Amino acid sequence: MVPKKIIIVGAGMVGMSVAYQLKNRFPDINITILEKEKSVGMHSSGRNSGVLHAGIYYKPGTLKAKVCVDGAKRLKKFCELNNISVYNCGKVIVPQSENLDSQLDVLFKRGKSNGAQVELITKKQLFDRAPDSESSSERAIWSPNTSVVNPKEVISCLKNNLEEKNVKFIFGCKIYKIIDSERKIFFKNYISDSKIYSEFLKYDYFFNCAGLQTDSVAHLMGVGKEFKILPFKGIYWDLIDNSPLRINTNIYPVPDLNVPFLGVHATPSPSGKVSFGPTAIPALGKENYKLFEAIEPLMSIDFFKELVFQFALNKNGFRKYAFEQAFLGIKPLFLDSAKKIIPNLRSDYLIPSKKVGIRAQLFDKRTRRLVDDFLIEKTDNSLHVLNCISPAFTASFSLADLIIAKTNTFDI
């Protein structure tokens, strides 16, 4: 029997996609989405670059590899059906140094194995597609199916669609207790500045898709206590409107495949704006978007102790990350990194972007490693999406199917 009362925590892209897929299959199901903010997609979902990834980077057989290609196709179709602009601009991946040329072969094989359309191209073909880019070898990768959308448009449209299907949203909620044996979830509802209501809801099944807060919610149920979220801040810079640079496709560096970050890249948007970023610098809190905003002292101390340990032992090539990415919040260092793939970029071409994101990166305390793949754990009555990093936005519809299937409760 299909559970009738569903609670989903988190009104980001993944949480709403789970609701969307459930409603499409079971129209009569009762779904309530709890969100601690005043609206949908206030964190990672609404603050990402909007790139719909083609499925090149991920190790074959991983969850990311299984859902990225199909997820991108389905999200594009959703956008087309709802008149949301999709910029089908493609992407080039270029080596920043000659010794990275062999990594193109690794990425090419991964892309092919994952079902992505991917090509190895010459330097001349690269310049035809991205005249202001640079390859330190004679080759690059071309991904024709990489696209860009405005993530806020997608999220807003999805919310409207769900409301039409009678999905209920409750905003301003902070969950403080879950009794899974009684299938009860308790939360404080911040209705206004002067009134706070403590409430509870009963559920037949519960999905934890809380993004940056997923570990905290899971720990209330004793799930995933060996994991914690480490926040990495993604800062962007925008290209000025009168720049002489011609950037009409995504331009990415060859990434360090030992860490789950793709490096600084250039992204054009459906509006015509071009952004550079994001960084992957340690944040002082899960919502530390501004310098002195939402700092979490205890978490920060714990985080930086781990960074020092990783650097000292050089675990998983961590020093390379530290030297190349950890300090890119400093503009001259950011510019130096970006110039490796776009040599004619100048400091006066860049202005600070209003967009700042926080990556909800899961860390395994047992192995002291950053978790690279999606990670999902469950109880009899609940499921927790513990690691929901890129390409979660791209893959959201297919990832939602995978999440629902893993419950072993819903017949899809």
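This is a predicted model: local features need pLDDT of at least 70, side-chain atom pairs count only at pLDDT 80 or more; totals for chains, interfaces and linings use all residues.
## Helix α5

Just after α5, Asn-166 adopts a positive phi of about 70°.

## Burial of α5

The buried residues of α5 are Pro-151, Val-154, Ile-155, Cys-157, Leu-158, Lys-159, Asn-161 and Leu-162. Among the elements that cover them are the helices α1 (13-25), α2 (63-81) and α10 (392-406), together with the strands β2 (30-35) and β8 (168-171).

## Helix α9

In helix α9 (residues 331-339), Phe-334, Leu-335, Ser-337 and Ala-338 are buried. These residues lie on the same side of α9 because they cover an arc of only 160° around the axis. An α-helix has 3.6 residues a turn, so residues three or four places apart point the same way. The cover over the buried residues of α9 includes the strands β13 (227-239), β16 (274-277) and β18 (350-364).

## The sheet β9-β10-β11

Three strands make up an open sheet, ordered β9-β10-β11, with antiparallel pairing. Strands β9 (173-179) and β11 (196-202) are at the edges, each pairing on one side only. On average, neighbouring strands of the sheet are turned by 20° against each other, direction ignored.

Strand β10 (residues 184-190) is joined to β11 by seven bridges, and the two run antiparallel. Lys-188 has Ser-198 in β11 as its bridge partner.

Technical notes: Residues are numbered from 1 along each chain as its sequence is written. Side-chain values use heavy atoms; hydrogens and water are left out. Buried means under 20% relative accessible area, exposed over 50%, partly exposed in between (1.4 Å probe, protein chains only). Helices (H or I, at least four residues) and strands (E, at least two) are DSSP runs, numbered from the N terminus. Contact means heavy atoms within 4.5 Å. The arc is that of the directions from the helix axis to the C-beta atoms. Two strands pair if DSSP finds at least two bridges between them. Axes are lines fitted to C-alpha atoms, for helices over the stretch in contact, and angles run from 0 to 180 degrees between N-to-C directions.
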